Amino acid sequence: MAAWQGAEPDGEGRRADAPEPDPARPGPGRPDGPGPADPRRGPRDRSGLHLVPAADPLPEDDPDARSGPALDPVPGLDPGLAPGVPGAPAVRPAPAPPVWPGSWQPLGARFHLGPDGRPGTNFALWAAGAEAVELCLFDEDGQESRHPLAEQHFQTWHGHLPGVLPGQRYGFRVHGRWDPWTGARWNPAKLLLDPYARAVDGGFVLHDAAYGHVRGWPERDVADTVRDNRDSAPYAPKAVVVHDEDDWSDDRRPKTPWADTVLYELHVKGFTRRMPGVPEQLRGTYAGLAHPAAVAHLVRLGVTAVELLPVHQFADEEHLQQRGLSNYWGYNTIAFFAPHGGYAATGTRGQQVTEFKQMVRALHAAGIEVILDVVYNHTAEGGECGPTLSLRGIDNAGYYRLQPHNRRAYADYTGCGNTLDTTQPQVLRLVLDSLRYWVSEMGVDGFRFDLAAALARSPHEVSMVSPFLSAVSQDPLLSRVKLIAEPWDVGLGGYQVGNFPPLWTEWNDRYRDTVRDFWRGAKPDVRELGDRLAGSSDLYRRGGRRPYASVNFVTAHDGFTLRDLVSYNSKHNEDNGEDNRDGSNDNRSWNCGAEGETDSAPVNALRRRQLRNLTATLLLSTGVPMLVAGDEMGRTQGGNNNAYCQDNQVGWIDWSLRDDPRWRSLLQLTARLIRLRREHPVLRQRAFFSGRPVHPGGGLRDLAWFNARGREMTEADWYAPGATLGMFLSGKEMSERDPMGRELSDESFLLVLHAHHRSTRFVLPGSPWAQEYETVVDTALEDQSRAPGTRSPAGQAVTVAGRSLLLLRACDGPG
């Protein structure tokens, strides 16, 4: 889910005209200041590099002595260009009059009328340790003009430029010390993306000049400490000035309650790239997702919210570009305010912002909420050997978590090379400002936080009272939107399922693993299955949380599709170019007797039945169900369980499946189950079951469990080997009330799950539970239209086919 990274006259990153540093004043990111020159640093040779004599090794315990070689600087504010750099833009002197002071807030670029009444743009950049900041503007020919921002308030550099209009491309060059051993990585040769950029034009192009250090330095262990002076502008993404005065007065948010929510995870590009009915020029874009043909599928299916894989501007990693691949999923963010330009049909000079908003409006008009999968835990700059694209060059130590005893290296809790430090006020502000922007100005309804545990570290251990979680919980805007945590990261103590505070829901991987294991026959008993079907109260009851704190899922973007889950025992990721080493080996899948696609009719019939079992279990469980786009009609990735770099037919949905007779019934069943869930509140409980009568006067318990003999489960039954479980949901015993305070009531249902390969006889519970049962769903049947309406008297044993599920409606008497 998601690696990378001009020098000044004195080799320490000072401008030629800057005053000498005060030796008594600590430098940024360095507790003891710049310090004296290292007497052990050797003379410069003709290449202009500081060399350390090989005969004089540097002591390991002296970080100043190990400051490493640095490139000889180029005089003046212009770091210059190395010979042979193609496409380097010409640099023009900044035009008169000079930049006006402007304002230090808000951060970013804001177009408005200046003090003279003429239009212009205010630019503001937080860069606490910087010695100078230049605003760089690019014209249509790519020529660059530089404008020093001379004003600084509260560590923010700012200025107003008259006549700068929306659509203008810009970036920053930030001057300061180059001392990676203390975390200082300023390099004004590198064009930097505004962290508050609301639109981005272009992307990261793999080239040595895009790195703050010399990538080809022969001593690889210190390569990231040797500064590269070449201009990165031809290879760097550029921010765009955007004008935005949308008040959303014409929009109506669906505001679907959590308990009524059905999530549908989809990829903006992959969802419509092959969709019939969507014009070719709109396929794979925000406009494509807003098209009536795309919206119609979502409405027919019945989902209430789309959870979009990352749409923040992202960059392709070095190793993918070297293999001719790209980051398809997008978990490699470089701009937290900008909609990814690659998904825009209309342009990338601000048009992507308007197009995204129009998509949100279209989905809202259909009653569908928009949830964004957001990646604030790391950025596309990666580890210390990654490119310098934005935050690293603005204030490396101010934005990222660095190793406490080795400030050159990053603390990596994400597996992606770096971790944003949300304990720092300016980083916390960046994240919160971004979240508020997407809610208030882009219209979204909530967020799913990738590796959320990394955001909750304070400063090292995960804490549920961390600055980030505390700030979100009291924010008057963010506390009212949907918040979903991926409740883990890759660091020590990072697995936090069930531990997030109220207001948060969580991806429940315990649900995923239990349901997969049950239906593949890997569970010796049904103990944990009961907990997961009933809302996982063992995980979420604490702290006043509700069953909808559990986002139940069987599949997600990361892993096998639902069809591949029943078609492959092992991953097949060879197309990713990593020798099948990537992706999880713990898939809990079962191929039903043959690996991959097969002509065996019995195997294919069993696979389709297993798909019905998994889908029905998910949509009949208490909690919030999450489907993955295409699973409702048998989408396959050919066994690839890590298709993050497959921007092709592997990753795109094949819409021909929708009309394929083999998969049409699965689509129909999925829509029918969602409709049942919507119609019956007993199937989407807002409070945890008590297992007791709700009313003081007695009555049925709200939840009861039965074995195959039709008897209530005993303690011994829960621990006995078995693959059959009956779950009775009483609609007459509900603790919920309607908006006017009236008690809700519903029909009652019996859910029977049987994972053994042989059929079994299940005795239907008699009085007081019901007198008769009507079959609603029988996953043993390919054609579900044959299942509804069949009635059986209570006390009678019905046959439950091997590996199948029954949903029966409890009736008081013959109908």
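In which handedness of crossing does α7 pass α9? The crossing of α7 past α9 is right-handed; a crossing is called right-handed if the near helix is turned clockwise from the far one by less than a right angle, and left-handed if anticlockwise. The model is predicted: local features need pLDDT of at least 70, side-chain atom pairs count only at pLDDT 80 or more, and totals for chains, interfaces and linings use all residues. Residues are numbered from 1 along each chain as its sequence is written, and side-chain values use heavy atoms, with hydrogens and water left out.

Helix α7 spans residues 425-440 and helix α9 residues 467-474. Helices (H or I, at least four residues) and strands (E, at least two) are DSSP runs numbered from the N terminus. The axes of α7 and α9 come within 11 Å and cross at roughly 35 degrees. Axes are lines fitted to C-alpha atoms, for helices over the stretch in contact, and angles run from 0 to 180 degrees between N-to-C directions. From α7, Leu428, Val431, Leu432 and Leu435 meet Pro467, Phe468, Ala471 and Val472 of α9. Contact means heavy atoms within 4.5 Å. By class, this contact has eight nonpolar, no polar and no charged residues. Ala, Val, Leu, Ile, Met, Phe, Trp, Tyr, Cys and Pro count as nonpolar, Asp, Glu, Lys and Arg as charged, and the others, Gly among them, as polar.

Helices α10 (residues 509-519) and α14 (residues 601-620) pack at about 145 degrees, with their axes 11 Å apart. The crossing of α10 past α14 is right-handed. Tyr511, Val515 and Trp519 of α10 meet Gln610, Asn613, Leu614, Thr617 and Leu618 of α14. The contact of α10 with α14 has five nonpolar, three polar and no charged residues.

The largest cavity has a volume of about 200 Å³. A cavity is a set of points, on a 1 Å grid over the protein atoms alone, where a 1.4 Å probe fits but cannot get out; lining residues have an atom within 4 Å of a point. Grid points are joined across faces, edges and corners, and the volume is the space filled by probe spheres set on the points. The lining of the largest cavity holds 20 residues, with His267, His557, Val628, Arg635 and Gly651 nearest its centre. Strand β13 (263-266) and helix α1 (268-272) each supply at least two lining residues. By class, the lining has 11 nonpolar, seven polar and two charged residues.

Lysine 357 lies in helix α5 (residues 351-365). Lysine 357 counts as buried because its relative accessibility is 5%; buried means under 20% relative accessible area, exposed over 50% and partly exposed in between (1.4 Å probe, protein chains only). Beyond neighbours within four places in sequence, lysine 357 contacts Asp244, Asp246, Trp248, Glu441 and Met442. Glycine 212, in the loop between β11 (200-201) and β12 (238-240), is also buried, at 2%.

Most residues other than glycine have a negative phi, and most peptide bonds are trans. Phenylalanine 154 has a positive phi of about 50 degrees. The residue sits in the loop between β6 (151-153) and β7 (156-162) and is exposed, at 62%. Lysine 255 likewise has a positive phi of about 50 degrees. Its place is the loop between β12 and β13. The peptide bond from glutamine 105 to proline 106 is cis, with omega near 0 degrees.

Note on methods:
On a 1 Å grid over the protein atoms alone, a cavity is a set of points where a 1.4 Å probe fits but cannot get out, and a pocket is an open set with protein on both sides within 12 Å along at least five of seven lines; lining residues have an atom within 4 Å of a point.
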